[in-house]
Amino acid sequence: MSEQDARTLEQKFADLQRENEQLKSQLMQSQKMSSVGALAASITHEFNNILTTTINYAKMGLRHTDEATREKAFTKILNAGQRAAKITTGMLSYARNHNEQKEATDLVQLVEEVLVLVEKDLQIHRVNLETRFEGRPFANVNANQVQQVLLNLIVNGRQAMEGGGRMVIGVLANREANTAEISVRDSGTGIPAEQLQKIFQPFYTTKKADARGQGGTGLGLSMCREVIEAHQGRIRVESQVGEGTTFTLRFPLFVGQGDSPANLRMHHLAS
Ligand SMILES: Nc1ncnc2c1ncn2[C@@H]1O[C@H](COP(=O)(O)OP(=O)(O)O)[C@@H](O)[C@H]1O
Ligand SMILES: [Mg+2]
């Protein structure tokens, strides 16, 4: 092969690599949008409720001129508006954030922010949600990416519980192993043993596309694994057909952190 050919090949290879990177990031973005898409119906429903509340209390405030009633009306309207703002802020930051940085993050808070987005969706699908927070672990993560992982796991869990069920979301600090864990458990169909090794493969899905585009892309879990591995973390699955499934994310515990928020504040002051 001539030097010229070698250079052309090298050039081609570099181009393909760049193209590959671009496609990957586009895929990530569309995966992100498809998980938000899965929530669209229930978020619309929630906004309708908020508007109904706002309109009714505005009418009440207009009808009654006494101070107490007006104050109540304004308070209700304010609360409704703030709830709406919380949801849209959550969605916008989720969809827009491309930042790759990691920082010491309160995992309980990270989970709670995702719950704002999914609560209504779970309720509409008759899923009982329980949270179990033990301790207040921090981990060095990119909050937006980990929230995307969580959203994927929650939507998967909900989709495995047709007709409703129970979801338990846990956060705990394992001080012996020096890890922080987030777990998502559902009481859904479970995953047969022979499928377990395939579920993390890109494009592996058992979901058929339906009219609302709610079918599977098969990219959710492969994206989850990629994100978690980029955090030196682990993702584990345990499943029992007919009983349900638990996904556990495990991250190195943020170093230099004591148990209490007070210790954490001291850490920040010292650094
Ligand atoms: N919580 C769960 N319960 C049962 N099956 C699951 C669960 N999570 C994932 N799966 C299985 O793994 C497959 C791949 O999941 P994922 O990568 O998120 O793709 P998708 O959700 O688009 O199908 C799903 O199609 C489903 O068969
Ligand atoms: Mg999925």
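Mentor: A word on terms before we start: Ala, Val, Leu, Ile, Met, Phe, Trp, Tyr, Cys and Pro count as nonpolar, Asp, Glu, Lys and Arg as charged, and the others, Gly among them, as polar. Keep in mind, too, that this is a predicted model.

Trainee: Thanks! How do the residues of the shell around ligand 1 divide into nonpolar, polar and charged?

Mentor: Ligand 1 is surrounded by 21 residues, with Ala160, Thr205, Gly216, Gly220 and Leu221 the closest. Helices α5 and α7 each contribute at least two residues to that shell. By class, the shell holds 6 nonpolar, 13 polar and 2 charged.

Trainee: At what angle do α5 and α7 pack?

Mentor: Look at residues 143-159 for α5 and residues 220-229 for α7. Their crossing is left-handed, and their axes lie 9 Å apart, at an angle of about 150°.

Trainee: Which residues of α7 make the contact with α5?

Mentor: On the α5 side you will find Gln145, Val146, Val149, Asn152, Leu153 and Asn156. The contact as a whole has 7 nonpolar, 4 polar and no charged residues. From α7 come Gly220, Met223, Cys224, Val227 and Ile228.

Trainee: Which element gives the largest share of the largest nonpolar core?

Mentor: That core has 42 residues, and Ala139, Val149, Leu150 and Cys224 touch the most other members. Leaving aside neighbours within four places in sequence, Cys224 is in contact with Val149, Asn152, Leu153 and Ile235. Elements giving two or more residues to the core include β3 (138-141), β4 (165-174) and α7. The largest share, 8 residues, comes from α5.

How values were computed: Residues numbered from 1 in each chain as written. Chains lettered and ligands numbered in written order. Predicted model: local features only at pLDDT ≥ 70, side-chain atom pairs only at ≥ 80, totals over all residues. Axes fitted to C-alpha atoms, helices over the stretch in contact; angles between N-to-C directions. Helix = DSSP H or I, 4+ residues; strand = E, 2+ residues; numbered from the N terminus. Left-handed = near helix turned anticlockwise from the far one by under 90°. Contact = placed C-beta atoms within 7 Å. Near = placed C-beta within 6 Å. Core = buried A, V, L, I, M, F, W, Y, C linked by C-beta atoms within 7 Å. Buried ≥ 20, exposed ≤ 12 C-beta atoms within 10 Å, placed from the backbone.
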